[in-house]
Amino acid sequence: MTSTSVKGAPVRAVGTKHVRVEGRDKVTGKARYAGEVPFAHLAHGWLVLSSAARGRIEAIETEPVLAMPGVLAVLHHGNALRLHTDFVGMLGTRPDPTCAVFQNDKVPHVGWPVALVVAETPEQAREAAEALVVHYEQQPHDVEFTGGDPNAYPVDGHMPAVTDKGDLESELAASAVVIDAEYTTPEEHHHPMEPHAATARWDDGRLELTDSNQGATWVVAELANLFSLDPESVRVRSEHVGGGFGSKGVRAHQVAAVMAATVLQRPVRVVLTRRQMFTLAGHRSPTIQRVRLGADPDGRLRALDHRALSRTSTVYDFVEPSAGVARVMYDADAHHTENQVVRLDVPSPTWMRAPGEAPGSFALEAALDELAEKCGVDPIALRLRNEPEKGPVSGLPFAGRNLRACFEEGARRFGWAERDPRPGVRRDGRWLLGTGTAGASFGAGAAPSTATITAQADGSFTVSIAAADIGTGARTALTLVAADALEVPTGRILVRLGDSAYGPAMIAGGSMGTRSWSWAVMAAAGELRERLVPGMEIPPQGITVRSDTTEAIAALARKERHSFGAQFAEVAVDTATGEVRVRRMLGIFAAGRIVNPLTAKGQFTGGMIWGISMALHEEARRDTVYGGPLGADLAGYHIATHADVPRIEADWVDDPDPEDPVGIKGIGEIGIVGAAAAVANAVWHATGVRHRSLPIRPDRVLTAVRLA
Amino acid sequence: MKEFTYQKAADVPGAVALLGADPDARFLAGGTNLVDLMKSGVERPARLVDVRELPLDRIETTADDGLRIGATVTNSDLAAHPEVRRRYPVLTQAVLAGASGQLRNMATVGGNLLQRTRCAYFTDLTKPCNKRDPGSGCPAIRGEHHNHAVLGASSHCVAVHPSDMAVALAALDGVVHYETADGPGEVPIGWLYLPVAETPHRETALPPGALITHLTLPPSPVAAHSRYRKVRERASYAFAIGSIAAALDVRDGVVHDARVAFGAVASRPWRARAAERILIGAQAVTETFGAAADAEMAAARPLAHNAYKVTLMRNLTVAVLGELAEEAGR
Amino acid sequence: MALPTSSVITLHINGEKFTLPVDHRTTLLDALRERLDLTGTKKGCDQGQCGACTVLVDGRRTVACLQFAVAAEGREVTTIEGVADGERLHPVQQAFLDLDGYQCGYCTPGQICSAIGALQEHAAGWPSAATDDLRPESGPPPLTAEEIRERMSGNLCRCAAYASIVDAVAQAAGTRAIQPAGTQADSEEQAA
């Protein structure tokens, strides 16, 4: 068959359920993740991390370790390759010095990488790494994160640190009802189920990295910069990625693997242990947030003040911009929002699913619930009363804002109208019952990407793009998008991704991946269709077109571009034991066109379950005396498991983005936004006690009841 | 993990002989705790003697109508056993409240009793711990201890014992039987775990090199009306922050017999004898249950961040005894 | 007496025999992944705290990270690569595929092996912490969502595909055919 049939396929793939195209490989164990690709003569590297919380390395006793069975090398600051760290990367950020390993003798926190031991087998590498004696000159450290720190300073991050509108104090003074409360969230960790893993090797002058990451283009650019290499000589592949959530960029293990492969001139694999992930994979900073709301008696906001403090390391400025969500969600005559950080002797935090919005929405949406209570206004009515016509701070128009529809549909399906607003009056055996709600928003953006599509002589099409499917279903979504764009059945589309060789593309991050990649696929498909005349002969090598969306995306007008959502939760609280169980949860979202309803449901409910987990379980503990993490494993750091997750539903209202070629906005993160607040608000409704600190642990419930 | 030799024992005397008096040798059964501790470096044995395939995997009724439970019976088989479910439901519930299905399929009864604390300082080699490294100090007392002991601890160690099963066995007056090179011995669960005092690294009364061969449970009519309730920071697959094993025999509104033990409050499963003394002979009412809990928790010495356990154990005692009394009244 | 710290062992995996020398420190999980190229069994925590390495040993679900390979000699190991019947997926696999019981897929082989084991345990009448009626004569408890959740709680999923995993396990349970290929067929009559 040599003729194309780009027309005549009637089925619209986008919007219909489609099982994952790689699903069979995942359920049979055939899908190989980064640490599972075999290489001949593979050596194994094991990172050695600092036990000191601050100071410098005095000496490393390498000799005894080099004499151990199978040990090939010990890399450390005394012998490591010098790296170039003075650059701004693809995402507009400078490299976190934590990943520029072994460049000096300074130790800025517990768990800092101080050496890499490389051996023939993983068992040998592990034992040798554990046997390596490192001497430190210890200096006093400080890991205590408290409010009112005089050393706090504003940091912009991916948004301005401070925004102002109107006269906040005057509006507060003129308000009939004022809420002034402090909310805290703990240190949280991503913990994708697949630990970070990378194998580096040199092949004929080219650096090849088999890696688990959220963006091959990104990793290539960072490695090329760090090692002063031509980006064209670096190739990064990551066919299957076992979750990321913001943690899988360039980290110490990839850099260490490249160094070792360079020194040994053989393939070297470095895999992080779960314990090492607590200090090397990034995390979400704890936050201390103060929210002040001033309102008229009917709940109309006159003043909205949200100040968020987060924590960063002493080597890298990263801000958890929790106050940002207030700039989008609610109107007020006066607005003040600011994000500040303090530097402590802790690992560098990083982006973690809905950075800023996740903790910020907990504080803001809990404060609104308190305002609703104080005003005697229904929590949904209160929120709808403060719906802005345009960006509350920016004054820019919204590119679609369907929050009202989410609340109305959610309220109907959740049975909100029958809710008795009084707290602490519903009981089922030993359980007090309550319901809560919260609003949600998350930025909807797109970033430049390139894609290649080849029309094959057999009528099939190969889409190649350096996208990453970290579990989002991107591979399947792009298959559906391409099928519609080319008007062929999905079975004739092969999407290849996870390879930097396919050209620059956006990362899987910021809820922008699928949208950005789809745009590039649409552009390439459009051009290809113009080139394919019905009945024409396709040459054996096929016909290939390539797209680049840089210009199209730059042409987008400045607007407030966001997804929105309404979260609902019902909880049961046993105040005798402090146990809290979520009984049901519903999220309704306005998040653009839904490409694959089957996988989209998982994205939304997955985020909502992160919200349950954030509300009730997750909390990394740190010992202040020794400065390091405590209980740094998955028995000490609790994430929600099956038994914690109730009947949970997610659905969406029609909300296509007219300025996107497919209508997509992005769905990866909005599910967590507001979810913890909905649970916390439901705990108040069940018990009459406000919990302003997460997680709502049994001991906190017990103590609060005793004090109440 | 350092290199080690591995031998499979053929029979009980052989296992005891293989281990000998070597302080660097360990018995390996289910491995769910030992292998983990070897990975973290807390345990660094030079020799492992595998006892999992020893013929100690049976549960039998004893001549006095109690139960004899082999040391290599898995937690799963123990929990599912018809006689255990029928006559000692608290034991089935306690076992099922622990770990996960996979771990219960691996873990053995003997190993469960000898598992080590999950105190985060104990399992982290970079931090001091008197239990792991005698004399190095106990950072938990002034550090992170919200899930540490409120009963029977000392200024040397405030770690709690992690087993759920052992709490039920403590309430049921279980007896541990073991074999040594000098012959067999036995010790009641109540005496198996040594007081913390100044030697938290000395955890059990078993002689060096002893191999647990089986447990016996005495016949216990009261155990037919028993229950285990566990509170934890996740709904499943998490260690307790407080638990109770209780059995109650109520006749005409009066407590005829009672067994109570607490978990996650001490370095050992805590048999609540003071509570039992209040209960037996008293009216089976909430006030009695509260007074019983108060009598037991009067000895509590909470730290800065675990005083909630005193409230929790009182509430758990009132709730669970109340449920058992209500069922008895039906 | 100098005893060896490594041994040549024979493992029985998915109905095949593999003879290999192992350092005694090698876990069953590392033997599968690093030595036998059976990488379907995943390493999520290496500490028995996530369930990603769940395999069936002598027909029962276990975690491969807390077993030394040398101690697994002579036991029948079934991994995710061995549960399908040739090209025909195991009903649990098929249900995970159909109902999207995963996202990133990394915990998936462990979830599937765990579900296979859990359904056998349920069919055999084993109670769980979610079971109210422990009396043995009551037989297997109704396989409610709550029962499935409790029985599957040893398998963490950070993508949090829990809702669809529970749906998949329930759907697979309805098919009765819960015996994996390659293990002894003693649960045919137990399948309630």
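**Basis.** I worked on a predicted model, in which local features need pLDDT of at least 70, side-chain atom pairs count only at pLDDT 80 or more, and totals for chains, interfaces and linings use all residues. Residues are numbered from 1 along each chain as its sequence is written, chains are lettered from A and ligands numbered from 1 in the order in which they are written, and side-chain values use heavy atoms, with hydrogens and water left out.

**Chain C against chain A.** I found 51 residues of chain C in contact (heavy atoms within 4.5 Å) with 59 residues of chain A. The buried area, that is, the accessible area (1.4 Å probe) that two parts lose on being put together, summed over both, is about 4200 Å², and carbon and sulfur atoms give 54% of it. On the chain C side, Gln103(C), Arg158(C) and Tyr162(C) lose the most area to chain A, together 20% of what that side buries.

I then looked up salt bridges (a side-chain nitrogen of Lys or Arg within 4 Å of a carboxyl oxygen of Asp or Glu). The rule finds eight across this interface. Glu36(A) pairs with Lys42(C) in a salt bridge, with the closest N and O atoms 2.8 Å apart.

**Chain B against chain C.** Here I noted 40 residues from chain B and 42 residues from chain C in the contact. The two chains bury about 3400 Å² between them, with 57% on carbon and sulfur atoms. Arg85(B), Gln102(B) and Tyr237(B) supply 20% of the area that chain B buries against chain C, more than any other three residues.

The rule finds four salt bridges between chain B and chain C. I recorded a salt bridge between the side chains of Asp77(B) and Arg60(C), at 2.7 Å from N to O.

I took from the unreviewed UniProt entry the annotation "domain: Aldehyde oxidase/xanthine dehydrogenase a/b hammerhead", covering residues 28-140 of chain A. UniProt positions are given in the numbering used here, feature names are shortened, and annotations may be inferred rather than shown by experiment.
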